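Thanks for coming. Please have a look at the chain on the screen, and then I will go through a few of its parts.

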Amino acid sequence: MQNTLLTSARTSVGKLGTGLALLLVLLMLFGATETYAQSVRAPGNAVNLDDGIEDGPSNALGDDSQSDFWRNFRGGDPNDIKQMLEARPEGAVLTTTGQHWRELRENYIRKYAGWFPLGVIALLLLYHLIKGKMRIKGGFSGKTLPRFNINQRVSHWFMASVFTILGVTGLIILLGRPLIAPYLGKEVNSVLTSASMQGHNLFGPLFIVALVWMFIKFVRGNFFQWVDLKWIFKLGGFFGGHVSSSQFNFGEKSWFWLVILVGIVMSGTGILLLFPWLVDDLRWLQLSTILHAGGAILLISVLFGHIYVGTAGMEGSIDSMLKGEVDENWAKEHHDLWYEEVTGKSATEEEGTS
Ligand code: HEM
């Protein structure tokens, strides 16, 4: 009796064990298929190369083994890719460099890019809360000096408008999927993204015009000088103390050259992305998308600092770009060397004293 009970218990445990094992195998199989399906899913625009290339291009084998060829090919070896595309010009290739590029774009740039401009805004808010607006110490004198002519101001606002349109549409294209789609839905994101693509493609070439125009109108006065070193050592006077400066201070000069140099990179990479057939090595396009996104994030982040100093951060600044004139006391305090140059008077002496 005892033996029968023991045997029946053993049989039940055995059945349970077999059942669990089966369940585990099924779960593993299901899980593996899921993971496999995700990890090898090709991008939507990938083209399947048909059976003709299974052996590689006709002259690919030589002394090399099949696996050597495919390893180099996947690594992005331009010769192998060229051979392949010559054999199949209509094809698209899925290489390891391409996969690395996708990973960088999807897992890093799309995930973290938005934090840089947000970080700059947070720092500016913090600075403003602690230090407040930088006032003209002597107050407005009521007397003004001409600073920018109409050509310079139109060139500046043309650049500002084009840049704003490109910045907003570019951010939607780059960050729409992680930031808009989950909250407003895929449909809204898709409409916004395709409209942004059209706008971005249309206004992109105008950025090049704006850049050249801005360079011509502002390059005079933006060459670095020894006096700029004092500005650097005194941290621009943002934490107290007076700093001497000519027409543009070190911060403004750096902003000017950043706009010009990064602007050239943005224009070059933008042209490649607009006309991809200009290059035959896919890796130039991959590099272009990374540089284009990185440059945009850099310029947009620093732009917030520029807008802050031009508006809420410094009293009297915006007049120079709106009216073309600045108050004499503003000029004496922020651009003393320039004041002395244009008026022939000392920036430190009071009116009427000699
Ligand atoms: C939309 C908001 C903007 C505001 C409120 C603004 C404001 C100003 C102001 C007040 C100045 C004159 C500073 C002075 O008199 O010393 C200035 C100069 C300048 N701005 Fe803007 N700006 C804006 C957008 C932009 C954009 C989008 C760019 C370029 C991408 C830009 C590039 C420049 C440059 C290169 C200068 C001349 C500084 C130099 O040559 O060193 N600005 N801006």
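Leaving aside its neighbours within four places in sequence, which residues is Leu166 in contact with? They are His200, Phe203, Gly204 and Phe207. Before I go further, note that this is a predicted model.

Let me stay with Leu166. Leu166 sits in helix α6. Is Leu166 buried or exposed? Leu166 is buried, because 24 other C-beta atoms lie within 10 Å of its own, and the cut-off for buried is 20 or more. One of its contacts is Gly204.

Gly204 brings us to α7. At Gly204 this helix bends by about 30 degrees, and a proline, Pro205, follows within four residues. Which residues of α7 are buried? They are Ser196, His200, Gly204, Ala210, Met214 and Phe218.

Now the ligand. There are 23 residues around it, and those that come nearest are Ala160, Glu252, Phe256, Gly310 and Ser320. The elements that give two or more residues to this shell are α6 (150-184), α7 (186-218), α9 (250-274), α10 (282-310) and α11 (318-322). Which of them gives the most? That is α9, with 5 residues. By class, the shell has 13 nonpolar, 7 polar and 3 charged residues.

Next, the chain as a whole. The chain has 13 helices and 2 strands. Of its 354 residues, 17% count as buried. If we take the contacts with a separation of 6 or more, 67% of them are between residues 24 or more positions apart.

Last, the confidence. The chain averages a pLDDT of 83, and 75% of the residues score at least 70. Where does pLDDT stay under 50? One stretch is residues 1-9, for which the model has 0 contacts beyond four places in sequence. Another is residues 49-54, with 5 such contacts. Where pLDDT is low, the predicted coordinates should not be read in detail.

Technical notes:
Residues are numbered from 1 along each chain as its sequence is written. This is a predicted model: local features need pLDDT of at least 70, side-chain atom pairs count only at pLDDT 80 or more; totals for chains, interfaces and linings use all residues. pLDDT is the predictor's confidence in each residue, from 0 to 100. Two residues are in contact if their C-beta atoms, placed from the backbone, lie within 7 Å. A residue is near a molecule or strand if its C-beta atom, placed from the backbone, lies within 6 Å of it. Ala, Val, Leu, Ile, Met, Phe, Trp, Tyr, Cys and Pro count as nonpolar, Asp, Glu, Lys and Arg as charged, and the others, Gly among them, as polar. A residue is buried if 20 or more other C-beta atoms lie within 10 Å of its own, exposed if 12 or fewer, and partly exposed in between; C-beta atoms are placed from the backbone. The bend at a residue is the angle between axes fitted to the seven residues ending there and the seven starting there.
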